[in-house]
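Hi,

Here is the model we talked about, passed over to you with my notes below. Have a look at it first, then read on.

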Amino acid sequence: MSHCCQVSTDNWEDVKAKCLTALPEDIVNYIDDHKGDEHAESNLIAILHRVQRHFGYLGQEQMNAVAQLAQIPLAKVTGVATFYHLFRLQPRGKHVISVCMGTACYVKGAEKLSQRLMDELGIHYGETTKDGMFSLDNSRCLGTCGLAPVIMVDDQVYGPVTPSEITIILEKYIKQPRAAAPKAALAVQ
Ligand code: FES
């Protein structure tokens with residue numbers, strides 16, 4: 001295992017204390033327990049999973065702390081975090097939009113919905129708008145194929161949706177606080 005020179009002190013307890021400002025104690029202890037293990041990369045993935053589960057995403061401060069504690073170069077940590085799509089490097093938006101790309105939705109035009117959302121929001125999958133309002137994801141079948149093509153905003157499914165209806169749906173969330181988000185699907189027929 002390669003050792004980096006990021007730790008500026010020989011006192012390991014000081015390093016741990018410093019990293020506790022960025023990571024919860026259970027994760028710090030987990031990394032400490034597995035430091036120097038043979039399977040560094042799979043351990044790193046497990047560590048990043050824990051960090052993302054706790055914070056909802058992998059922030060720079062957290063990745064720095066992981067690199068220091070696990071004694072892995074920061075470039076390696078960020079490389080793994082960016083390589084695997086399941087890791088998010090930004091916090092989630094107030095509303096999470098998921099475009100169903102399952103077969104039924106795909107053949108009924110999910111790609112057009114996807115493109116419209118990207119155009120309207122100015123982001124790609126896995127990203128969050130600058131104002132923190134929306135995050136965009138895609139998913140496999142949402143289990144409502146009869147309504148294809150569908151999108152889901154938070155826990156609300158909309159379908160069938162046309163590209164022009166995307167604007168109407170987004171406006172509802174922009175105008176209303178989360179608690180008052182629309183209850184009924186827009187265009188269920
Ligand atoms: S394929 Fe989209 S809901 Fe099933």
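Which strands does helix H7 lie across, and at about what angle does it run to E1? Helix H7, residues 110-121, lies across E1, E2 and E3, and its direction is about 150 degrees to that of E1. Before you read too much into any of this, please keep in mind that the model is predicted.

**The sheet**

The sheet is an open one, built from four strands in the order E2-E1-E3-E4, with mixed pairing. Strand E2 (134-139) and strand E4 (156-158) are at the edges with a single partner strand each, so one side of each has no neighbour in the sheet. From one strand to the next, the twist averages 25 degrees.

Within that sheet, E1 (residues 95-100) and E3 (residues 151-153) run antiparallel to each other and are paired over three bridges. If you want a residue to start from, take Ser98, whose bridge partner in E3 is Met152. As a reminder, the strands of a sheet pair through backbone hydrogen bonds, in either a parallel or an antiparallel way.

**The cores**

Which residues touch the most other members of the largest nonpolar core? They are Val66, Leu69 and Ala70, in a core of 21 residues. Helices H1 (12-19), H2 (25-34), H3 (40-55), H4 (60-70) and H5 (74-83) are the elements that give two or more residues to this core. H4 provides the largest share, with six residues.

There is also a second, separate core, this one of 19 residues, and Val99, Leu142, Ala148 and Tyr158 are among them.

The buried ones are Gln62, Met63, Ala65, Val66, Ala67, Gln68, Leu69 and Ala70, and they pack against H1, H2, H3 and H5.

Most residues other than glycine have a negative phi, and most peptide bonds are trans. Here are the exceptions I noted.

What comes after H4? The helix is followed by Gln71, which has a positive phi near 55 degrees. Gln71 sits in the loop between H4 and H5.

Asp154 counts as exposed, because it has 12 C-beta neighbours inside 10 Å and the cut-off for exposed is 12 or fewer.

Then there are the cis peptide bonds. One joins Ala148 and Pro149, with omega at about 0 degrees, and Pro149 lies in the loop between E2 and E3. Ala148 is also one of the residues in the second core. Another cis bond runs from Gly159 to Pro160, where omega is near -10 degrees. Pro160 belongs to the loop between E4 and helix H8 (163-175).

That's what I have for now.

Cheers

Notes
Residues numbered from 1 in each chain as written. Predicted model: local features only at pLDDT ≥ 70, side-chain atom pairs only at ≥ 80, totals over all residues. Pairing = 2+ DSSP bridges. Axes fitted to C-alpha atoms, helices over the stretch in contact; angles between N-to-C directions. Contact = placed C-beta atoms within 7 Å. Core = buried A, V, L, I, M, F, W, Y, C linked by C-beta atoms within 7 Å. Buried ≥ 20, exposed ≤ 12 C-beta atoms within 10 Å, placed from the backbone.
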